[in-house]
Amino acid sequence: MKGMNLVAVEKMDVLMEDYSKIVGLIHSVAGDMDRLIEARNTWEVFFAEYNEDPREIPMIPEVVNWIKQSLAAGIPWFYFMRTAPNSMGLRTFMVTCCGDPDPEDDTRYLFDKNRVMEFVNKNMENLESFTEEYGIPEAVSLAAAEDIMAVVMEMLSGTFDAEPSEEAKDRDKMMGEALYRLSELEKLYGLNPKVREYFSDGRLYYSYLTGGGYMGSIDTINYDKRYAEIVRKFEEETSFLVYHVIEHEDTISLLFVSDDYSQWQEERPSSTGVLAQVVNVERYENKCGFIKLDVIQGALRRRDNRVYPNLKDGVQNEMELSDVGCEMVERLEILENAGMMTDLDVVKIYMREHEMCYSELLSVLGMETCVVDRLSADSEYEYYAKCVSEQLDQQIYFLMVARDGTLAFLYISDDPEEWEMEKLDLAEYRPKAIVVDTDEMTASIERIRYSMVNGGPLCNL
């Protein structure tokens with residue numbers, strides 16, 4: 001059985017009569033003859049963003065125009081279009097270019113002989129030109145044409161229903177929803193756009209961490225056969241569609257689109273998290289709920305081990321900042337301007353989630369790196385921050401961990417007249433901090449020095 005590559009045509013491309021993405025996809029495949037041969041008759045082409053339109057594709061003027069103009073643009077549909085019995089792409093294109101609704105049976109189409117011949121001849125010309133340009137073996141090109149013509153003859157024999165099956169329509173809608181959610185994950189968290197690009201081509205990817213948990217990576221789900229099998233069983237048992245997977249310790253989280261349209265709004269990603277099926281790979285335990293997310297180098301990561309029963313929908317309102325709050329934001333921006341580089345937006349994390357971050361020197365792939373993370377990622381640091389906040393009057397806003405494990409909490413004094421000088425000291429890498437010796441269990445206010453080590457601020461006592 002041949003594979004399937006999902007090719008989603010975006011609405012903006014339809015409106016602009018733009019074929020550059022299709023051409024780019026063809027060029028990327030055609031660069032490798034083995035891939036090019038494997039790609040024959042595998043494309044399932046669909047218009048995801050028109051899923052909510054009550055009209056069928058042949059009734060949408062701009063889509064009809066895009067399809068017809070694609071032939072003039074030389075797109076070799078007869079080479080790439082999928083021909084499996086449940087495939088709708090080629091059938092939709094043929095109905096659009098050559099068919100008219102049957103006046104006696106609106107579930108069928110009648111085909112105009114002249115338009116069919118024009119459609120077939122133009123596609124055959126494009127196929128011939130494409131075959132010659134890329135040196136495709138004649139037997140491969142001939143097989144593509146034969147498979148396509150079998151579908152054409154089936155439709156002309158009157159066995160093709162105009163209305164696709166409910167199952168096919170549902171799957172198309174789920175695909176469109178999945179691509180929308182991946183787009184939202186890009187906007188909300190910075191997920192690598194290639195995940196959506198690969199998924200539209202029929203390839204499911206997963207996010208995972210390397211370098212001690214501080215380097216993000218993405219790879220095809222088949223990279224780990226256990227993960228691929230878990231996804232296969234989940235989709236088979238539920239009829240849901242998995243659109244991304246996140247590895248976290250000994251679990252994987254399956255981000256999915258359910259087959260219940262009424263639940264889609266609840267399932268969609270928000271700034272607070274996303275619905276997922278969390279599976280323990282070793283014990284095969286399952287739990288469905290919401291997980292909280294961050295991103296590292298384009299890969300999603302879970303912020304913690306918890307699976308939440310629910311999360312607030314939508315973007316949280318940024319806190320109304322007091323004068324002290326505004327001062328904290330200014331100082332975090334000073335650290336960023338000094339060279340602090342992290343995928344975490346420490347300012348937004350403070351403003352939206354009321355959480356501070358910390359920096360610590362670690363070995364990442366054998367290289368000393370001062371990494372930045374949420375305070376909640378380390379329960380010990382979180383505990384000491386709570387103790388400092390409860391026992392001292394100063395407002396703390398960032399933690400730097402020294403090489404020897406001493407904690408230096410940057411703070412804002414309770415005297416606004418000191419603030420300008422404190423910001424100047426911070427910009428000059430010599431701020432005052434609440435220094436906590438965790439061995440002696442003592443705390444004192446001292447002037448510290450810090451330096452940027454591979455993008456993170458390292459405290460030098």
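This is a predicted model: local features need pLDDT of at least 70, side-chain atom pairs count only at pLDDT 80 or more; totals for chains, interfaces and linings use all residues.
Trainee: What makes up the protein in terms of helices and strands?

Mentor: The protein has 16 helices and 20 strands. Its C-alpha trace spans about 90 × 45 × 45 Å along the principal axes.

Trainee: Why is Met12 called exposed?

Mentor: Exposed means over 50% relative accessible area. Met12 has a relative accessibility of 52%, so Met12 counts as exposed. You will find Met12 in helix H1, residues 11–15.

Trainee: What makes strand S14 mostly covered?

Mentor: Let's count residues. Strand S14 runs over residues 367–374, and six of its eight residues are buried. Buried means under 20% relative accessible area, so those six residues fall below that cut-off. For the protein as a whole, buried residues make up 50% of the 461 residues.

Trainee: How do you know that S13 and S14 pair?

Mentor: Two strands count as paired if there are at least two bridges between them. Strand S13 (residues 357–364) and S14 have eight bridges, so they meet that condition, and they pair in the antiparallel sense. As one example, Leu362 stands opposite Thr369 in S14.

Trainee: What lies between the strands of that hairpin?

Mentor: Two residues lie between S13 and S14, and in this hairpin Leu365 takes a positive phi near 55°.

Trainee: Why do S5 and S7 count as paired, and in which sense?

Mentor: Strand S5 (residues 205–210) and strand S7 (residues 241–248) share two bridges, and at least two are needed, so they count as a pair; the sense is parallel. Ser207 has Ile246 in S7 as its bridge partner.

Trainee: What holds paired strands together in general?

Mentor: Strands of a sheet pair through backbone hydrogen bonds, either parallel or antiparallel.

Trainee: Where do S5 and S7 sit in their sheet?

Mentor: They belong to an open sheet of six strands with mixed pairing, in the order S6-S5-S7-S8-S9-S10.

Trainee: What makes S6 and S10 the edge strands?

Mentor: Strand S6 (215–220) and strand S10 (286–291) each pair on one side only. Neighbouring strands of this sheet are turned by 25° against each other on average, direction ignored.

Terms used
Residues are numbered from 1 along each chain as its sequence is written. Side-chain values use heavy atoms; hydrogens and water are left out. Helices (H or I, at least four residues) and strands (E, at least two) are DSSP runs, numbered from the N terminus. Axes are lines fitted to C-alpha atoms, for helices over the stretch in contact, and angles run from 0 to 180 degrees between N-to-C directions. Buried means under 20% relative accessible area, exposed over 50%, partly exposed in between (1.4 Å probe, protein chains only).
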